[in-house]
Amino acid sequence: MSLWDAAISATPSAPPQRKPDPPRPRGGRLKPSVSTAQSSDLEQSLLAAEQEVASPQESALLSRISSVRLVSEADLVEEEARDRAEAFQRINQDVHHIRECFSDLQGLVQEQGESVSQIEGDIESAHSRTENAVDQLLKAASYQKGGFSCVIWALAIVSGILALAAFLAVIYAKIAL
């Protein structure tokens with residue numbers, strides 16, 4: 001039986017009263033309640049007793065456990081400072097990237113503004129040319145109407161002359177006979 005098993009079997013059968021958890025500091029990590037020297041001595045004695053009765057695989061695992069050091073408050077503060085510095089660096093990079101995106105967007109807007117101005121000029125030019133074309137089509141239509149009436153008049157005059165020539169030819173033929 002190992003020392004851990006003996007400690008578990010020696011506990012009373014009544015469930016122990018659980019103390020409320022101490023409040024967590026910022027960052028969500030608990031501060032060690034036992035001094036580093038006391039907990040280190042306790043761990044070393046428990047690990048040494050356990051290694052005496054452990055199998056070779058368990059001994060290797062226990063030797064790894066003994067090399068784990070306690071995290072001190074200074075280590076926690078240092079890790080938190082490192083995390084914050086990394087977060088600030090990421091934020092700085094993100095802000096720089098956003099600034100580059102806005103610069104690119106500004107360039108695109110300027111290019112498109114020039115294109116829109118050119119398109120607007122082309123539209124105005126096409127509008128004025130279309131108005132001129134409509135005016136010329138109206139004139140052409142009036143000329144066609146006027147031309148058609150001229151053709152009718154010309155046809156009437158030619159018909160009249162032909163009728164007069166035919167009438168004179170008939171009268172001349174009667175007189176000549």
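In which helix is L108 found? L108 sits in helix α4; helices are DSSP runs (H or I, at least four residues) numbered from the N terminus.

This is a predicted model, in which local features need pLDDT of at least 70 and side-chain atom pairs count only at pLDDT 80 or more, while totals for chains, interfaces and linings use all residues. Residues are numbered from 1 along each chain as its sequence is written, and side-chain values use heavy atoms, with hydrogens and water left out.

**View 1. The salt bridge between R82 and E78.** The closest N and O atoms of this pair are 3.2 Å apart. A salt bridge is a side-chain nitrogen of Lys or Arg within 4 Å of a carboxyl oxygen of Asp or Glu. Both residues belong to helix α4 (residues 73-176) and are 4 residues apart, about one turn of the helix. R82 is partly exposed at 43% relative accessible area (buried is under 20%, exposed over 50%, partly exposed in between; 1.4 Å probe, protein chains only). E78 is partly exposed too, at 47%.

**View 2. The salt bridge between E80 and R84.** Here the closest N and O atoms are 3.0 Å apart. E80 and R84 are also in helix α4, 4 residues apart. E80 is partly exposed at 23%, and R84 is partly exposed at 40%. A search of the whole structure finds 2 salt bridges.

**View 3. A nonpolar surface patch that includes L108.** I98, F102, L105, L108 and V109 form the patch, with about 490 Å² of accessible area together (Shrake-Rupley method, 1.4 Å probe; for residues, only the protein chains shown count as cover). Patch residues have over 30% relative accessible area and no salt bridge; like charges are joined within 9 Å, nonpolar side chains (Val, Leu, Ile, Met, Phe, Trp, Tyr) within 5 Å. L108 is partly exposed, at 45%.

Methods. Helix = DSSP H or I, 4+ residues; strand = E, 2+ residues; numbered from the N terminus.
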